[in-house]
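This briefing goes through a few features of one structure. Look at the sequence and the model first, then read the points below.

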Amino acid sequence: MKPRQQRMLAVGLVAVGLAIAATFTLRAFKDNMMFFVEISDVMAGNYPKERNFRIGGLVVAGTIEREEGSMDMSFMVTDTRCALPVTYSGVVPDLFREGQGVVAHGRMDGGGTFVADKIMAKHDEEYMAPEVAESIAKHVEDQTASVQHLSTECSPSDS
Amino acid sequence: MWKWFHQLASPPHFYRIAPTFSLVLLLPGLALIAYGVYAGLFLAPMDYQQGDAFRIIYIHVPSAYLSLMAYMIMAVAGGIGLIWRMKLAHAVAASAAPLGAWFTFLALATGSIWGRPMWGTWWEWADPRMMSELILLFFYFGYMALRGAIDDTAKADKASAVLALVGVINVIIVHYSVTWWSSLHQGQTIMAKEGPAMDPGMLYPLLANIFGFTLLFGSLILRRTRTEVLFRERRTRWVKEMILAPEGQR
């Protein structure tokens, strides 16, 4: 083998070795790489019990309730299968809206409610002009996040 | 073809032709950026959710794209330098690092400024997209520090090329972080599976800026590499002859 080919082989083998090592490492840390836990997993009890964590999903339309004269509010978050009640006290970001993505940081209380201490809005990858969005909304009934479409099989569990 | 390639890779030849190529990339690049910035800020419609705040993507997306692109150029050039012992390739890799680091910084800074009002947070330590992009910045810093720490140019070239190749894994992670894991950062828009999920009036200025930034980057890297070549070849005969030659013949 020529020296050049040897060098090529060495670089190639190192690259393959690193790729395999990275794949295994990332697989092992899969849960830690997740920024938030999905609602169905929370409902099934797959969430960290002893520490704070984040949940992510869509704000269910028509569930945002603000308490008069205080910063307290509550709403439901869904992954379009299950919905979880969330309570929060504080200022929410600009993009926090019904039917839009949200990430909340906090912990579960005993009664199946997520008590958030920080609310972040998650933007989706769609960019539209306001007029376009209006005309779409006129013709298509938004079904992504309304209460009627949610499954009733989900129930909060602490197990 | 190979003859042309070898000629291009010869330092004196590259030194002579680089300004011309640099200009050829610079002029259309600036024209595209001028169109992209004007159309992006004034002609493109507002976003239905974000209003005018979305316009930061006209800087953020090209910067983020080039932060990855510059790294790949640095790593591939380093690899070519390792395998084929090509001097010019190492000079290209060395010139790409500071440019890439600046684009990474721009992507992080504009993302953070946008994130405060939109997401409700400047920075999230646990987010895979943000963390991998920050690690990318550290790879650039490490690469430049490693180069600076080794006095022997040939040894510095080799060591930094290996580091650059290792960091390619992180580039792949940055790119796929929003697909593989849940993230606060939104998913792919332009390269979405069903085609770009963006109003054409917003998309064209963005594409113009992406291509414009790329051409500008190409132009800058040619100029930087030219300077790097001059420094590396400072003890060779062609540099001495060129410097001693009368003004018009350089």
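How many residues does helix α5 of chain B have, and how far does α5(B) reach from its first C-alpha to its last? In this predicted model, α5(B) covers residues 128-149, which gives 22 residues and a reach of 31 Å. That reach is close to the 32 Å expected at 1.5 Å a residue.

**Helix α5 of chain B**

- The buried residues of α5(B) include Pro128(B), Arg129(B), Met130(B), Ser132(B) and Glu133(B).
- Leu136(B), Phe139(B), Tyr140(B) and Tyr143(B) are also buried in α5(B).
- An α-helix has 3.6 residues a turn, so residues three or four places apart point the same way.
- The partners of the buried residues of α5(B) are α3, α4 and α6 of chain B, together with α2 (30-33) of chain A.

**Where the two chains touch**

- On the chain B side, 36 residues are in contact with 32 residues of chain A.
- Two or more residues of that side of chain B come from each of α3 (57-84), α4 (87-118), α6 (153-180) and α7 (200-232).
- The largest share, four residues, is given by α3(B).
- By type, the residues on the side of chain B that touches chain A are 21 nonpolar, 12 polar and three charged.

**A helix pair across the chains**

- Two packed helices are described by the angle between their axes and the distance between the axes.
- For α1 (residues 3-28) of chain A and α3(B), the angle is about 140° and the axes are 8 Å apart.
- The helices α1(A) and α3(B) are therefore oblique to each other, because only angles over 145 degrees count as roughly antiparallel.
- From α1(A), the contact is made by Arg4(A), Arg7(A), Met8(A) and Val11(A).
- From α3(B), Gly79(B), Leu82(B), Ile83(B) and Trp84(B) take part.
- The residues of this contact divide into five nonpolar, one polar and two charged.

- Most residues other than glycine have a negative phi.
- Thr80(A) is not a glycine, yet its phi is positive, at about 70°.
- Thr80(A) sits in the loop between β4 (72-78) and β5 (83-89) of chain A.
- With 17 other C-beta atoms within 10 Å, Thr80(A) is partly exposed.
- Arg85(B), also a residue other than glycine, has a positive phi near 55°.
- The loop between α3 and α4 of chain B holds Arg85(B).
- Arg85(B) is partly exposed, with 15 other C-beta atoms within 10 Å.

Notes: Residues numbered from 1 in each chain as written. Chains lettered and ligands numbered in written order. Predicted model: local features only at pLDDT ≥ 70, side-chain atom pairs only at ≥ 80, totals over all residues. Contact = placed C-beta atoms within 7 Å. Nonpolar A, V, L, I, M, F, W, Y, C, P; charged D, E, K, R; others polar. Buried ≥ 20, exposed ≤ 12 C-beta atoms within 10 Å, placed from the backbone. Axes fitted to C-alpha atoms, helices over the stretch in contact; angles between N-to-C directions. Parallel < 35°, antiparallel > 145°, perpendicular 65-115°, else oblique. Expected span 1.5 Å × (residues − 1).
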